[in-house]
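The following exercises concern the structure shown below.

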There are 4 protein chains.
Amino acid sequence: MSSWTLEEVGTHNSASSCWVIIQNRVYDVTEFLNEHPGGASIILRYAGRDATPAYEPIHPTDALDKNLHPSKHLGPLSTSAALLATQAQQQTQKTKDELRVEAARKQRPPLSRLISLADMETVARNVLSHKAVSYYSSSADDSISYNENARAFSRFFFHARVMRPVSQCDPSTTILGYKSSIPVFICGAALAKLGHPQGEANLTRGAYQTSIIQMVSSNASLSYSEIMATAAPSQPLFFQLYKNKNDAIAEQRIREVERLGYKAIWLTVDAIVPGNRERDIRSPWDLEEMETGKKEVHVDVADGELDGGDSGFGTAGALIAHDDRDMTWEKTIPWLRSITKLPIVIKGIESVEDAILAADAGVDGILISNHGGRQLDYAFPPLEILHRLRQQRPDVFNKLEVYIDGGIRRGTDVVKALCLGATAVGLGRPFLYAQSAYGVPGVVKIVQILEREIVTAMRLLGAASVQDLKPEMVERIDWQPIVRPKL
Amino acid sequence: MSSWTLEEVGTHNSASSCWVIIQNRVYDVTEFLNEHPGGASIILRYAGRDATPAYEPIHPTDALDKNLHPSKHLGPLSTSAALLATQAQQQTQKTKDELRVEAARKQRPPLSRLISLADMETVARNVLSHKAVSYYSSSADDSISYNENARAFSRFFFHARVMRPVSQCDPSTTILGYKSSIPVFICGAALAKLGHPQGEANLTRGAYQTSIIQMVSSNASLSYSEIMATAAPSQPLFFQLYKNKNDAIAEQRIREVERLGYKAIWLTVDAIVPGNRERDIRSPWDLEEMETGKKEVHVDVADGELDGGDSGFGTAGALIAHDDRDMTWEKTIPWLRSITKLPIVIKGIESVEDAILAADAGVDGILISNHGGRQLDYAFPPLEILHRLRQQRPDVFNKLEVYIDGGIRRGTDVVKALCLGATAVGLGRPFLYAQSAYGVPGVVKIVQILEREIVTAMRLLGAASVQDLKPEMVERIDWQPIVRPKL
Amino acid sequence: MSSWTLEEVGTHNSASSCWVIIQNRVYDVTEFLNEHPGGASIILRYAGRDATPAYEPIHPTDALDKNLHPSKHLGPLSTSAALLATQAQQQTQKTKDELRVEAARKQRPPLSRLISLADMETVARNVLSHKAVSYYSSSADDSISYNENARAFSRFFFHARVMRPVSQCDPSTTILGYKSSIPVFICGAALAKLGHPQGEANLTRGAYQTSIIQMVSSNASLSYSEIMATAAPSQPLFFQLYKNKNDAIAEQRIREVERLGYKAIWLTVDAIVPGNRERDIRSPWDLEEMETGKKEVHVDVADGELDGGDSGFGTAGALIAHDDRDMTWEKTIPWLRSITKLPIVIKGIESVEDAILAADAGVDGILISNHGGRQLDYAFPPLEILHRLRQQRPDVFNKLEVYIDGGIRRGTDVVKALCLGATAVGLGRPFLYAQSAYGVPGVVKIVQILEREIVTAMRLLGAASVQDLKPEMVERIDWQPIVRPKL
Amino acid sequence: MSSWTLEEVGTHNSASSCWVIIQNRVYDVTEFLNEHPGGASIILRYAGRDATPAYEPIHPTDALDKNLHPSKHLGPLSTSAALLATQAQQQTQKTKDELRVEAARKQRPPLSRLISLADMETVARNVLSHKAVSYYSSSADDSISYNENARAFSRFFFHARVMRPVSQCDPSTTILGYKSSIPVFICGAALAKLGHPQGEANLTRGAYQTSIIQMVSSNASLSYSEIMATAAPSQPLFFQLYKNKNDAIAEQRIREVERLGYKAIWLTVDAIVPGNRERDIRSPWDLEEMETGKKEVHVDVADGELDGGDSGFGTAGALIAHDDRDMTWEKTIPWLRSITKLPIVIKGIESVEDAILAADAGVDGILISNHGGRQLDYAFPPLEILHRLRQQRPDVFNKLEVYIDGGIRRGTDVVKALCLGATAVGLGRPFLYAQSAYGVPGVVKIVQILEREIVTAMRLLGAASVQDLKPEMVERIDWQPIVRPKL
């Protein structure tokens with residue numbers, strides 16, 4: 001296999017013959033254009049050119065091997081071409097957003113000055129690229145689910161008990177049999193490389209250092225094997241499965257992660273179609289406006305000539321384009337059980353009814369979740385579902401482990417969920433923000449803050465262990481507190 | 001019939017002899033002054049002069065034929081007079097508001113950048129004249145009904161179901177037997193020409209292109225025949241009837257629309273007197289202030305000399321001055337049935353009690369509505385009435401079709417109403433805004449956005465068709481979310 | 001009796017001998033100092049000087065005759081002294097607040113531009129002196145009662161009925177047997193002269209022109225006879241009695257108003273001690289700051305030397321210093337009945353329990369009121385008390401007439417109260433604001449606005465007379481609308 | 001014992017030999033470093049130097065005698081050294097915050113212009129050092145408990161009774177048998193010297209002048225004996241006990257205060273570990289930023305080199321480092337009863353369940369409190385607990401006295417608590433603010449304001465004594481008023 005010059009690649013710059021350069025290697029993606037989950041147009045922007053800067057932050061390293069036939073891997077650039085490509089990249093003028101991020105990273109406060117998860121989010125929102133913050137923070141429609149997920153916690157107050165021995169206080173628990181230093185796990189969240197070059201590996205290392213468990217997304221920006229390679233020998237990792245509509249492809253993915261040593265399958269059921277994440281959709285237009293200093297205005301033509309092009313579904317749409325939209329309890333769970341002996345958790349239960357069906361289906365756990373408010377707006381807040389499940393069907397908690405995620409930002413939030421019967425809670429965005437802002441130490445800091453807050457809350461509640469947290473310690477109040485994050 | 005000079009017309013410039021020029025034709029309106037629904041004074045401002053610019057945007061073309069005896073149609077201006085009149089119009093200096101609108105229309109973003117109905121409203125509010133935006137957006141008293149219509153939707157959350165096959169998802173339905181691509185229709189809304197020269201015809205064409213149904217207002221600014229002439233051969237149109245207090249005149253109107261091919265009569269019962277729409281009333285004063293740059297101040301006279309003139313009822317008052325304020329179930333429905341075989345829908349039901357009476361009266365449908373919050377302030381939100389009706393009298397839904405309007409701005413809003421038993425929902429202002437801002441393509445865009453949002457919500461709820469939407473999928477919550485339209 | 005020079009009066013300038021000039025007459029108030037309800041210090045500021053400007057706006061003309069022994073009426077100033085006094089008054093430099101008011105009065109909009117009571121309040125707040133606006137608008141403590149009185153109305157929504165004949169709609173009613181054009185009366189409110197030189201006479205004339213009834217306060221700034229002299233021959237006036245703790249003095253007052261022709265006694269029971277009206281208390285300090293341009297600062301002394309002077313109770317405290325704080329149902333009502341045959345209404349009922357006791361005591365009416373939120377903060381909103389009374393004891397409405405006041409600003413407010421059983425409602429501040437801003441025409445305008453709003457609401461509710469307004473037409477909702485007065 | 005020079009002391013400037021100067025005396029604290037509740041690092045900042053300015057405002061005068069072995073009291077500075085030390089202190093440049101405070105104290109308004117507790121807090125927040133205001137005002141996490149403590153009062157409205165004799169109105173009561181002029185006591189609050197040089201003595205003197213009772217904190221900045229020495233001969237003082245985990249040390253403290261004449265022991269059970277008071281924690285960083293004019297920024301290093309130092313627990317953490325975290329009803333109450341015959345009150349009950357256990361344990365009173373919102377965020381508001389206790393277990397009120405604290409700022413707040421069964425209420429921060437701003441007269445002023453407000457509320461409620469305040473006079477409403485402290 002010979003090597004290529006930039007000129008040679010440059011002639012394949014159209015839909016009829018489309019080559020791209022990624023990390024100094026040349027690929028023929030002509031036939032792949034229509035299979036690309038993110039659509040053909042995004043690839044065609046780089047036809048005949050170097051696509052590395054756009055490709056790298058959102059694709060794991062094995063994406064090309066998995067998705068593009070070996071015959072289309074055309075081989076390396078010539079040495080001189082590679083040199084030119086690198087120079088071209090270096091000479092590319094930085095965008096205003098890149099310059100903003102560079103300056104902001106130099107202004108990060110020392111970690112010791114961060115004393116809450118809100119502090120961490122503030123730093124991260126400053127140092128993240130506009131594209132990353134838009135993807136991480138965006139939520140469906142009018143952000144009602146996103147906001148109400150968090151606000152639900154403010155409607156549960158404590159009946160604290162005094163005069164109980166709490167000098168020794170242990171916040172640890174087990175999740176699917178695996179030990180966790182606090183009842184918190186890292187929820188599957190995609191595209192960590194958007195925020196930090198090491199991406200999901202920061203989470204893996206931070207989880208190990210603090211003895212908590214990471215759930216790895218199907219849409220991670222590192223390959224499943226890279227992440228596992230980062231883990232310590234005995235460190236447990238869970239796998240968040242987005243099931244392909246092709247059962248054979250889905251099975252292949254499960255076999256791979258089982259072989260790699262992942263300890264459980266968390267089947268995602270609340271994101272079978274993309275949510276309407278307006279902030280993410282608008283992100284490229286914002287950047288354009290930021291760069292040019294003005295909104296793109298419409299040329300004054302007659303109404304009939306107006307363009308009516310579609311606006312797409314943002315980053316989220318591309319990731320799940322091939323996912324299975326026809327899963328059922330009757331078909332999918334038995335199929336999954338037939339493929340793997342790993343514990344199965346259903347991620348994305350949004351009603352008491354489905355929690356009961358999950359228990360009937362014999363799965364090992366359910367994660368009550370509305371996908372962080374990113375899918376269906378006005379989905380019920382997970383804490384409210386947990387509360388109803390506790391009141392209406394306490395027996396379900398004996399049949400499987402129950403987790404919740406969405407809106408958890410304080411130790412008291414964690415403790416409330418545990419009082420109502422949750423085994424543990426998941427956090428997604430806070431860990432993405434932390435690794436983006438400070439890498440591994442950021443992840444460790446988040447766990448330290450949560451542990452301090454959880455232990456403080458448990459002691460002041462009169463609880464020396466997670467077993468001491470009881471439903472009668474929380475009451476759902478009938479008024480709505482005014483929540484102002486900071487004074 | 002000879003032609004007239006401007007001088008000849010100009011001598012008839014008082015209440016004792018009042019002629020006006022409209023589209024280069026001369027009319028003697030002396031005797032009509034007291035019959036004019038908008039009052040004599042507005043006509044007298046143009047006595048002896050060209051009234052076209054004020055007349056045209058709010059009157060259908062057949063208004064003069066229908067309301068002014070042929071003997072008062074005095075004939076055309078002379079050619080030279082018509083030329084002078086046209087020149088005079090062109091030389092009239094544009095008002096500040098007209099200049100503002102002109103500039104704003106050149107700044108409209110391309111339609112592909114609009115991803116929500118809120119985006120469309122934002123554009124429209126910029127490009128509409130002050131008079132138009134005041135008339136379209138105004139609501140009664142303190143806008144409580146207007147705001148609470150929308151806020152009611154935010155109190156209904158979903159219990160979404162997962163693990164249901166939804167790759168195939170069909171949002172279509174039928175309304176009074178007519179097919180509609182989504183469970184949404186265009187609600188009767190008056191004076192579309194205030195926003196766009198083609199007026200209601202934009203709605204007709206947009207409805208056809210997207211396979212939804214338009215309801216045409218009695219107070220449309222195009223004539224009923226013009227609108228029907230715009231429609232495609234098989235395109236169904238509904239007619240919103242404001243019943244004249246003179247039964248004979250009312251019958252004549254019904255006969256006309258039946259003959260023209262309208263498919264149903266929607267009898268309006270919630271607007272028998274004008275609501276107190278303060279924004280509309282204040283509109284001319286605002287314009288005066290905008291033009292002169294200062295508020296009109298009072299000359300400092302003794303209290304006793306203060307003027308006490310009435311402030312009128314704005315645009316709305318004029319439109320319904322001759323409507324029937326004494327309709328009853330016993331008298332009006334049988335009379336209407338005796339006139340027409342078309343389906344009858346009662347538009348403006350505001351209580352469970354009247355929904356039951358409507359079912360007893362044997363009509364074909366009811367539109368639960370408080371007229372978009374434009375009539376009685378503190379009228380119950382339609383969604384709340386629908387919810388009560390579902391709970392208290394589910395049998396009513398078997399006797400007639402139930403629709404609601406008011407405050408619907410998202411696909412989730414539509415889906416909530418359908419879960420509670422509505423057959424379809426009406427939208428008024430969003431379509432007026434869309435046709436004002438972009439003409440037909442704007443109308444099409446609104447339907448595209450709604451369809452995308454409805455299908456997304458249905459799939460994430462686990463519903464593959466409108467029949468799958470059930471009351472148990474929504475719950476009325478006991479807290480009030482904070483709704484911020486945009487992030 | 002000789003006449004006095006300014007020098008002669010000027011020597012009596014201390015507490016041991018204190019003379020004052022009022023309208024060019026000289027009075028010895030030395031012995032009266034300690035009896036003055038407003039305290040001695042306010043009089044001593046004018047010892048030996050002309051007190052007219054401070055005295056006139058808050059005292060009726062007969063105050064000196066009623067309260068100061070004839071022997072202390074020392075006679076007129078000499079002609080030249082009177083001239084000097086007048087000149088002195090004219091040369092007094094106007095305060096910044098007086099100049100502000102003068103300018104504001106010239107900027108009043110014409111009455112035809114006022115379309116709501118909120119508009120009137122806006123104008124009035126601009127043209128009133130700081131002292132007047134502070135007295136009129138102030139309310140107790142943190143203004144919770146004041147604000148919640150109004151907000152209570154926003155929690156009652158209508159179940160409007162359609163298809164009812166309402167072309168004829170009559171909003172009139174009777175109050176204690178006296179005809180009123182709308183179910184609204186002018187509530188007793190003190191010190192109208194603070195806002196307008198004609199004071200309460202504006203209200204009397206406006207009430208006559210619009211056929212509504214005025215209740216005259218014991219603390220009116222015109223004498224009861226002056227007000228009655230202003231009334232038309234057959235015009236009914238009610239009297240709001242603040243009962244003196246000395247029964248003989250109280251009886252004398254009742255005999256006087258009965259003789260003058262007042263038609264009913266409204267005994268005030270919710271203002272036996274002054275409320276904590278902070279805005280009123282702070283008013284003189286605000287004026288001082290406005291005049292000097294800076295807050296009075298404390299000279300930096302040791303803590304122990306700090307002054308600890310009392311802050312007084314503002315204007316309100318002075319007015320009721322001698323009132324009876326020991327009234328009881330057993331003692332006071334029979335005593336009152338023994339004095340007068342006039343109808344008796346208890347003004348200031350704040351609980352269902354006392355409404356029942358009032359019915360048992362056989363009075364003719366009750367005004368459910370917390371004194372416009374000026375007395376006890378966190379007193380229940382009158383509309384809520386009315387609602388409870390309707391639900392718990394509907395029989396009470398058969399025994400006496402029930403009125404409410406507090407927070408009524410819209411026709412819909414009036415109609416809600418009538419649906420729940422009120423015979424009529426009282427408004428205080430809106431009438432004070434109206435007469436302050438525009439004199440009699442302002443008062444008339446308020447009634448016109450209310451009548452238009454009431455009739456519109458009745459028609460849209462399906463009610464042709466006040467008898468058609470029923471409890472089932474309103475529902476107390478379980479959410480709290482966001483009330484923004486204007487768009 | 002000889003005297004020391006500054007040079008001699010200066011050589012002991014490290015952890016291996018650490019001497020400090022306090023009020024011109026020299027102490028060897030080398031061995032004490034690890035015992036210091038506030039940690040070693042804060043002492044080491046002053047190693048070999050004069051620590052008086054930092055030491056004095058937060059330590060009682062007997063702290064060294066009680067905590068440092070006599071052999072470590074090394075004796076006085078030499079006369080010349082003491083002179084130099086004093087000069088050094090005087091020459092130290094004032095910080096920006098000190099200069100701000102100095103200026104603000106000169107601008108205090110005269111006390112007569114303060115008419116509410118909110119006014120007092122406004123002045124105090126201006127004149128307090130940043131460190132003091134941070135410590136006094138800080139509360140746990142997101143200040144939900146702090147804010148909701150106060151907001152709970154706004155959900156209880158009055159059913160006021162009229163026609164009851166109240167000219168004589170007595171607000172006095174007894175607390176544990178001791179007379180109090182109003183049903184209010186000064187709650188234990190630490191570190192009064194942070195706000196004023198006389199510290200807790202201001203409270204003692206103010207309490208005496210107004211005949212109310214002061215509860216003295218274990219963490220007072222004056223010694224228990226100094227405070228008692230300030231008291232008048234018959235003046236009762238209560239003692240707030242923070243129990244040391246070493247029973248012997250705890251017993252020693254109880255014996256001391258009993259001997260000094262304190263009248264009751266209030267055992268604190270809601271502050272066994274420090275709350276997360278973020279404002280207090282951030283205070284030194286704020287000061288640093290204030291002084292340098294910029295936020296400390298992070299040097300741009302790789303993520304791995306980021307510091308991960310702990311942020312500490314602020315002032316609060318230090319004070320209770322040695323407290324008992326293993327108290328129980330079974331063990332601690334009998335032990336306490338065995339030590340002392342004084343009445344025992346449990347301070348910090350946060351649930352109905354524990355109120356019942358306290359009654360069973362036979363204590364004399366309970367203070368329902370969540371420590372002013374400084375400990376567990378989302379602890380129930382005390383007024384809500386009181387309300388539930390009244391409804392669920394009215395018998396508890398017969399077994400012991402019940403008090404509440406937290407959020408009380410108005411006379412109406414006090415009256416509501418008494419209606420629901422409280423014997424008296426405690427206020428902490430308002431008294432700290434008052435003594436900080438004005439010393440003793442400030443404390444007296446607070447009581448005067450409260451007395452005026454309480455008596456006004458009682459009279460307007462129809463209550464002539466605290467016995468007349470009944471549960472049926474308040475109702476918990478189902479809406480949430482909007483509370484704006486000032487107009």
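**Exercise 1. Determine which residues A:Ile404 touches, residues up to four places away in sequence not counted, and whether A:Ile404 is buried or exposed.**

Step 1. Apply the contact criterion: two residues touch if their C-beta atoms, placed from the backbone, lie within 7 Å. With residues up to four places away in sequence left aside, A:Ile404 touches A:Leu367, A:Ile368, A:Ser369, A:Pro382, A:Leu383, A:Leu386, A:Ala417, A:Ala422 and A:Val425.

Step 2. The model is predicted: local features require pLDDT of at least 70, side-chain atom pairs count only at pLDDT 80 or more, and totals for chains, interfaces and linings use all residues. Residues are numbered from 1 along each chain as its sequence is written, while chains are lettered from A and ligands numbered from 1 in the order in which they are written.

Step 3. Locate the residue. A:Ile404 belongs to strand S14 (residues 401-405) of chain A; helices (H or I, at least four residues) and strands (E, at least two) are DSSP runs, numbered from the N terminus.

Step 4. Compare sequence and space. A:Ala422 is 18 residues from A:Ile404 in sequence, and their C-alpha atoms are 7.0 Å apart.

Step 5. A residue is buried if 20 or more other C-beta atoms lie within 10 Å of its own, exposed if 12 or fewer, and partly exposed in between, with C-beta atoms placed from the backbone. A:Ile404 is buried because it has 31 C-beta neighbours inside 10 Å.

**Exercise 2. Describe the barrel of chain B and the helices H16 and H17 that lie across its strands.**

Step 1. Trace the strand order. In chain B, 8 strands form a closed barrel with parallel pairing, in the order S8-S9-S10-S11-S12-S13-S14-S15. Pairing requires that DSSP find at least two bridges between two strands.

Step 2. Examine one pair. Strand S9 (residues 213-217) and strand S10 (residues 237-241) of chain B are joined in the parallel sense by 4 bridges. B:Ser217 has B:Gln240 as its bridge partner in S10(B).

Step 3. Helix H16 (residues 352-361) of chain B lies across S12 (344-349) and S13 (365-368), at about 170 degrees to S12(B). Helix H17 (residues 382-392) of chain B lies across S13 and S14 (401-405), at about 155 degrees to S14(B).

**Exercise 3. State which way the residues of strand S11 of chain D point, and how many residues of helix H19 of chain C are buried.**

Step 1. Treat the strand. In S11 (residues 265-268) of chain D, D:Ile265 and D:Leu267 point one way, D:Trp266 and D:Thr268 point the other way, and all are buried.

Step 2. Find its partner. Strand S10 (residues 237-241) of chain D runs parallel to S11(D), with 3 bridges between them. D:Leu241 is opposite D:Leu267.

Step 3. Treat the helix. Helix H19 (residues 411-419) of chain C has 9 of its 9 residues buried, so it is largely enclosed by the rest of the structure. Among these are C:Asp413 and C:Lys416. Just after H19(C), C:Gly421 adopts a positive phi of about 115 degrees.

**Exercise 4. Characterise the relation of chain C to chain D and the contacts of chain D with chain C and chain A.**

Step 1. Superpose the copies by least squares on the C-alpha atoms of residues with pLDDT of at least 70 in both. Chain C is laid on chain D by a rotation of 90 degrees with 0.1 Å of shift along its axis, at an RMSD of 0.1 Å. That is the relation of a four-fold axis.

Step 2. Count the contact between chains C and D. Chain C contributes 47 residues and chain D 44 residues. On the side of chain C, H13(C) gives the largest share, 4 residues.

Step 3. Count the contact between chains A and D. Chain A contributes 43 residues and chain D 48 residues. H21(A) gives the most to the side of chain A, with 10 residues.

Step 4. Check the remaining pairs. Chains A and C do not touch, with their nearest C-alpha atoms 11 Å apart. Chains B and D do not touch, and their nearest C-alpha atoms are 11 Å apart.

Definitions and conventions. Axes fitted to C-alpha atoms, helices over the stretch in contact; angles between N-to-C directions.
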